[in-house]
Amino acid sequence: MLEISVITCTHNPRPDYLAETVEALARQSLAPDRWEYLLIDNASSPERTPKVDLSWHPQARMIREEQLGLTPARLRGIREARGDLLVFVDDDNVLGANFLEEALRLADEKPFIGAWSGQCRARFEEPPPEWTRRYWGNLVIREFDTDVWSNIPRLPQTMPCGAGLCFRRVVAQRYLALHENGGRNRFQFDRTGDSLISGGDNDLAACACELGMGIGLVSALKLTHLIPPERLTLSYLARLTEGIQFSSTLLDWECGIRLPTRGVVGRLADQLRLLRLHGPHREILRAVYRGRRKATKILSDHGVPPANSL
């Protein structure tokens, strides 16, 4: 069996971004005979089908997944993977040259960790507006110096992200089984087409905790996240925030964390928070509330009893 399976899921990718992603993989210090590369084309339109040269890698494959959505694409990659360690690399991620080598080192040195990721440094095409800085975490931008881990599935300080997500085969099999046995049929946790629902990576990583393993962040793992100007607009960031809050609320429920219903006091507190903000920050907070309301309604439709009111 191969040591690592690197998986890129892409739908109508930007050719220049995908080319940089693949070029960075070609520069990896880990010898190609120790890993494979799976490029999952998730129902791209004919004119946007990925066109990249994979001949440099003896174990690279492009695989077409017709069911639209990041979750079906990831599941297809997991089914096709042959490695002991799986690594998700998005089509706008540029890995550091020793990324795979460091990922494998950690897998060997810390067998109690089941899923982990690293630093994600931004490369903006245009200088970002200063007001966006507080929302860069939603764009998967994170830099840190100290490795951290825990066995708490919804702890933000140790939760790995989907960009450069590394996870063991046993975790992948647990995640795959949840989908194949109907355990994840109720809710949508990942993007489909233009949807900005997020959370599938958190759901996958949490499977490590279910298996008695840990999750964490590793400073030696470094990648660059390519960010176009359209992801720094108020419209995009509001939609993204709403999608994150929506899926986070559903994931909390899956992990046994109940969101209190919003009584009179809670709704009044929400309005006061809005009044204290101005401009784009007020719109972003409104997006948080929208995402929470939509998720709460879905839970109610599924017969989930409410928690105590606030």
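Biologist: Where does Val140 lie?

Modeller: In the loop between strand S6 (113-124) and strand S7 (148-150). Strands are DSSP runs of E with at least two residues, helices are runs of H or I with at least four, and both are numbered from the N terminus. Bear in mind that this is a predicted model: local features need pLDDT of at least 70, side-chain atom pairs count only at pLDDT 80 or more, and totals for chains, interfaces and linings use all residues. Residues are numbered from 1 along each chain as its sequence is written, and side-chain values use heavy atoms, leaving out hydrogens and water.

Biologist: Why is Val140 called partly exposed?

Modeller: Buried means under 20% relative accessible area and exposed means over 50%, with partly exposed in between (1.4 Å probe, protein chains only). Val140 has 25%, so it counts as partly exposed.

Biologist: What is the phi of Val140?

Modeller: Positive, about 60°, although Val140 is not a glycine. Most residues other than glycine have a negative phi. Ala43 also has a positive value, near 55°, and is found in the loop between strand S2 (35-42) and strand S3 (60-65).

Biologist: How do you know that the length of helix H6 agrees with its residue count?

Modeller: The expected span is 1.5 Å times one less than the number of residues. H6 has 21 residues (234-254) and should span 30 Å; its end C-alpha atoms are 30 Å apart, so the two agree. After H6 comes Gly256, with a positive phi near 85°.

Biologist: How do H6 and H8 pack?

Modeller: At an angle of about 35°, with their axes 7 Å apart. The axes are lines fitted to C-alpha atoms, for helices over the stretch in contact, and angles run from 0 to 180 degrees between N-to-C directions. The contact (heavy atoms within 4.5 Å) includes Phe246 and Trp253 in H6 and Ile284 and Ile298 in H8. By class, its residues are 13 nonpolar, four polar and five charged. For those classes, Ala, Val, Leu, Ile, Met, Phe, Trp, Tyr, Cys and Pro count as nonpolar, Asp, Glu, Lys and Arg as charged, and the others, Gly among them, as polar.

Biologist: Why is helix H2 called oblique to helix H4?

Modeller: H2 (residues 70-80) and H4 (residues 169-180) pack at about 125°, with their axes 10 Å apart. That angle makes the pair oblique: under 35 degrees is roughly parallel, over 145 roughly antiparallel, 65 to 115 roughly perpendicular, and the rest oblique. Here Thr71, Leu75, Ile78 and Arg79 of H2 meet Ala172, Tyr175, Leu176, His179 and Glu180 of H4. Those residues divide into five nonpolar, two polar and two charged.

Biologist: What makes you say helix H5 is mostly covered?

Modeller: 10 of its 11 residues are buried, among them Gly200, Asp203, Leu204 and Cys207. H4 comes within 9 Å of H5, axis to axis, and the two cross at roughly 115°. Val171, Arg174, Tyr175 and Leu178 of H4 make that contact with Gly200, Asp203, Leu204, Cys207, Ala208 and Glu210 of H5. Just after H5, Gly212 takes a positive phi of about 85°.
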